[in-house]
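I opened this entry to record what I looked up, one topic at a time.

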Amino acid sequence: MKVVVIGGTGLIGSKLVAWLGAHGHEAVPASPGTGVDTLTGAGLAEALRGARVVVDVSNSPSFADDAVMEFFRTSTANLLKAGADAGVAHHVALSVVGTGRLQASGYFRAKQAQEELIEASGLPYSIVHATQFFEFVKGIAAEATDGDIVRLAPAGIRPVLSDDVAAAVGRTAVGSPVGGVVEVAGPDTFRLDELVREALAAEDDPRTVATDPHAGYFGAELRESTLLPGPGAHIAGTRFADWLARQRA
């Protein structure tokens, strides 16, 4: 089947395009670089012509509160309209485990708005909630750094490899619409502060991780279970320690 991947040249998108191709599907990467702009709608109609599934793994170029909200509201509305006009049978979007519990953050308010637009669209849909990627642990550290100190809460987290996320999104895309949320997470549960401490130590990063129960996470305060998936989540197989070892090799 023809599957259009919005954000198909990014980290998850490129892996998803490869996964779909390896499983016999026609995967079309769509991004501003390929002439498809979901913010303006340019190129959408042509890209979606004949598509059975559209998968949105795009992300905002700016995480500023107003800009990220504008991105997800506008691009999602344009994509949903173009998908309905093209007769797309399944709309899939990638979002984040805990989005509904992180509404103090402008980014997660925007992701929630995206999900609500999809749910209200009337189109058959599936939303994949993933925990944070292994590759994003450095970004978490950077966001929480003040000088040489990285302040992080001791909240639970089950990070996941981006390849495993792409595979989960791919399986969801070629399956029947679930009309709800599918969760995917990694096999191991960490405390967020310990996860980042382990990642920094593996790279001989001199920063010190300070445990602070009130430390913000992209603008939101965390409880123990905020970032953890529910009991029905798909648990991927790649362990963080094994991935770290490969990075050092």
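Before reading any pairing I noted the rule: two strands pair if DSSP finds at least two bridges between them. I also noted that the model is a predicted one.

Entry 1, the sheet. I looked up how strand β7, residues 149-152, pairs with β11, and found the parallel sense over 4 bridges. Within this pair, V150 stands opposite V209 of β11. I then asked in what order the strands of the sheet run. The sheet is open and has 3 strands, in the order β6-β7-β11, with mixed pairing. Its edge strands are β6 (145-146) and β11 (208-211), each of which pairs on one side only.

Which strands does helix α7 touch? I found that α7, residues 192-202, packs on the sheet and touches β7 and β11. The direction of α7 makes about 175° with that of β11.

I listed the buried residues of α7, taking buried as under 20% relative accessible area. They are L192, D193, L195, V196, A199, L200 and A202. For reading such a list, I wrote down that an α-helix has 3.6 residues a turn, so residues three or four places apart point the same way. Just after α7, I noted D204, which takes a positive phi of about 55°.

How many residues line the largest pocket? The lining has 33 residues, and those nearest the centre are V57, S58, N59, Y107 and F133. Elements giving two or more residues to this lining are α1 (11-22), β4 (90-96) and α4 (106-120). By class I wrote down 19 nonpolar, 11 polar and 3 charged residues for the largest pocket.

I found 14 lining residues, with K138, A199, E203, W243 and L244 closest to the centre.

Which element gives the largest share? It is α8, with 4 residues. The classes in the lining of the second largest pocket are 8 nonpolar, 1 polar and 5 charged.

Definitions and conventions: Residues are numbered from 1 along each chain as its sequence is written. This is a predicted model: local features need pLDDT of at least 70, side-chain atom pairs count only at pLDDT 80 or more; totals for chains, interfaces and linings use all residues. Side-chain values use heavy atoms; hydrogens and water are left out. Contact means heavy atoms within 4.5 Å. Axes are lines fitted to C-alpha atoms, for helices over the stretch in contact, and angles run from 0 to 180 degrees between N-to-C directions. On a 1 Å grid over the protein atoms alone, a cavity is a set of points where a 1.4 Å probe fits but cannot get out, and a pocket is an open set with protein on both sides within 12 Å along at least five of seven lines; lining residues have an atom within 4 Å of a point. Ala, Val, Leu, Ile, Met, Phe, Trp, Tyr, Cys and Pro count as nonpolar, Asp, Glu, Lys and Arg as charged, and the others, Gly among them, as polar. Buried means under 20% relative accessible area, exposed over 50%, partly exposed in between (1.4 Å probe, protein chains only).
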